[in-house]
Each structure stands twice: as structure tokens, then as C-alpha cells.
Amino acid sequence: MHAILRDKVFLTWEDVREPKLLFGLSTLSNVRICGARGYMTNEIKTVTIIGVGFMAGHIAALIVPYGFNVHVFYHRFDTNPSAIDEAKGRLDRLLKRTAAKGPRGVVTYHGRLSEALRDTDLVIESIPEKLELKKKVFAEIDKTAAEHVIISTNSSSIPVSRIEGAVKRKDKVLNLHFYPTLKMVDVMRGRKTSDETLEKGKKWVESIECFPLVAKKESIGFIFNRVYMAVIKEYLDMWEGEYANIEDLDKAWKVFTGMPLGPFALMDWTGLDVVLDVGMAVYQLTGDPRDKPPQKLIDKVKKGELGRKSGKGFYTYNK
């Protein structure tokens, strides 16, 4: 049931699961979700993010306003020497645009994994979409983190079951896949993930006012991201086949969804190297030739046309 108190609409997660109500109220600034939201859950207070890329910064900016302390680990997995300064600047800008829900958490940056994992309760790995690298990172985290710590991956395509062999705590691993600007998170368990771990992950997602999209069984791409990857694949195929120009294709998406950016602009924001890594990861998982990223995208990345961060991708930008 929902209630109105002092001109604010309060919803439970049962209400939010009703699509008509969710879409009817999603544009109102006075909507609050109750029942799960506080500043922090009782069991997860500190979160460690592995990586300093675009999504790592987005995740940090999403959770800090809810009172969670965030440790960011950058050593060895970020080859660009300026990545740390860029990450700090990007996160500062994001936080300035985000209203706090109470006392803000504190963000700290660490070059030693042991420091980044100190006092943490949840780890979110957000490094390049390369399976062997993720396995190596999971193994290092497993050896260093306290026994109770949940290890999750923000992978866009790789099921955590393909990574869990690198750790001993197979009951405490999850996929937690975040979306830029969208307040929903794909939640998927591994082969031996416990019900308790899945429930903790789900409740934590709800505590930051995101909607948990829980996979009932393993799926490459998880829930909504599986659908969106199909959209990206079709857009890239139409671009490679020169069926339409990117401006018209992006315009169609914006008209249809009401979103401010189309898929090509969103890929530029994410980074075409990241888009290629995700596409190659899916191709390696499925072995289906239809999943192989188009050669034109591979050529773009080879030329250094990576999107906004390089000044040119599908569109051209002023750096």
C-alpha cells in the first residue's frame, strides 16, 4: 500500500512492482520509497569498488548519498596514469549533482588492496570485461577480504558462475549490474550462492532506492541488459550495413523511449573500447558468430576513436 503524508508519496516495493504505478509516479520529485530505505542497511555499511572507470564512478556517486562509505581501489587494473585524477574529478562532479538522502558517506582512494578492503562488507568489481582478469581479481579479493564479505561483479555480460571457481567463498558471490542514470540493478546468483547472500544483495539494492531485477536462472546479460544488448547489436548491424545514419537511429530511440540519449550517444559515453570488450565477452561465452562485434567497431577502437573520452566516437566532441 502507498500513503500520502505532507504532500509526499510513500511507496513500498510491492507498489513499485506494479508497472502502471511505477511509470505514473516516476517523474514526480516527491516520490519516496519506504520500507527498505534508510541511510544504510544494518549488514552492509562500507563498500569497496574495484576500478576507476566510468561505471565505477557512477556506482560510487549512486551509493555515497545514502551514507555508505566507499573505498576505491585503483592499483594495477587502471593502466592510464591519469585515470585516478580523472576518476576523482568525475566523481566530484557527479556528487555535486546528487542530493544527499542523509549524512553522506566518505570516498577514499587506495593503491593497496588490503587497505581498500579494510572494514568493507561488499565488494563491487568494475574492471574491463575480460574473464581471466576478473578471475585473478576475485582470487586476490577472496584471499584478503574478511570472511563475511560478499564479492560481486558489475560485469555487463559475464555470469558470476564463470568467475566463482577462483574463490573459496562460492556462497558469497553475486552479479550486481548497474546502469548509468537508471535506478535499477540486475541481481544474479552463481551456482553455489546462498539464499542469504542473494537476499542481502537484493535488500542492499533496495536500500539505495534502486529496483532489483532478480534473475530466476543464469542468463548471459542478465535481465534488462540482455534486452538492451540485443538493441545495441541491431543498431551496430544497421550502422555497419549502412541502412541508416546514426543521427536518425538515435532519434528514433529517443522518440520511442523519451530518453535524452540514443544508443550511439550512450555507447560514446560508456566508451567504445568497453562496448567492444562486452561484445567480445558475449561472443566468447556463446561461440555464436552472430554475436561477434562488427569489424567497423573493431577498426574504430584500433584507431583510438573511443567516444567522449578520446574526443571522437560515433560523434565528435570537444575535449
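Me: Which residues have the most contacts inside the largest nonpolar core?
Reply: This is a predicted model, in which local features need pLDDT of at least 70 and side-chain atom pairs count only at pLDDT 80 or more, while totals for chains, interfaces and linings use all residues. Residues are numbered from 1 along each chain as its sequence is written, and side-chain values use heavy atoms, with hydrogens and water left out. A nonpolar core is a set of buried Ala, Val, Leu, Ile, Met, Phe, Trp, Tyr and Cys residues joined through side-chain atoms within 4.5 Å; buried means under 20% relative accessible area, exposed over 50%, and partly exposed in between (1.4 Å probe, protein chains only). The largest such core has 33 residues, and those with the most contacts inside it are Val47, Leu122, Leu176, Phe178, Trp204 and Ile208.

Me: Which element gives the most to this core?
Reply: Helices (H or I, at least four residues) and strands (E, at least two) are DSSP runs, numbered from the N terminus. Those that give two or more residues to the core include strand 4 (46-50), helix 3 (54-63), strand 9 (173-179) and helix 7. With seven residues, the element that gives the most is helix 3.

Me: How many residues are in the second, separate core?
Reply: This core includes Leu236, Val275, Leu297 and Leu306. Its number of residues is 20.

Me: Why is helix 3 largely enclosed by the rest of the structure?
Reply: Met55, Ala56, Gly57 and His58 are buried in helix 3, and so are Ile59, Ala60, Ala61, Leu62 and Ile63. Helix 3 is largely enclosed because the buried share of its ten residues is nine.

Me: How much of the protein counts as buried?
Reply: The secondary structure comes to twelve helices and eleven strands. The protein has 319 residues, and the part that counts as buried is 47%.

Me: At roughly what angle do the axes of helix 9 and helix 10 cross?
Reply: Axes are lines fitted to C-alpha atoms, for helices over the stretch in contact, and angles run from 0 to 180 degrees between N-to-C directions. Angles under 35 degrees count as roughly parallel, over 145 as roughly antiparallel, 65 to 115 as roughly perpendicular and the rest as oblique, so helix 9 and helix 10 are roughly perpendicular to each other. Their axes come within 7 Å and cross at roughly 100°.

Me: Which residues of helix 10 make the contact with helix 9?
Reply: Contact means heavy atoms within 4.5 Å. Helix 9 takes part through Ile246, Leu249, Asp250 and Trp253. On the side of helix 10 the residues are Pro263, Phe264 and Ala265.

Me: Is Glu209 buried or exposed?
Reply: Glu209 is found in the loop between helix 7 (195-207) and strand 11 (211-214). Although not a glycine, Glu209 has a positive phi of about 55°. Its relative accessible area is 12%, so Glu209 is buried.

Me: Is Glu242 buried or exposed?
Reply: Glu242 has its place in the loop between helix 8 (224-240) and helix 9 (246-257). Its phi is positive, near 60°, in a residue other than glycine. With a relative accessible area of 64%, Glu242 is exposed.

Me: What distance separates the C-alpha atoms of Asn69 and Thr108?
Reply: Asn69 lies in strand 5 and is partly exposed, with a relative accessible area of 30%. Leaving aside neighbours within four places in sequence, Asn69 is in contact with Lys45, Thr46, Val47, Gly105 and Val106. Asn69 and Thr108 are 39 residues apart along the chain, and their C-alpha atoms are separated by 8.2 Å.
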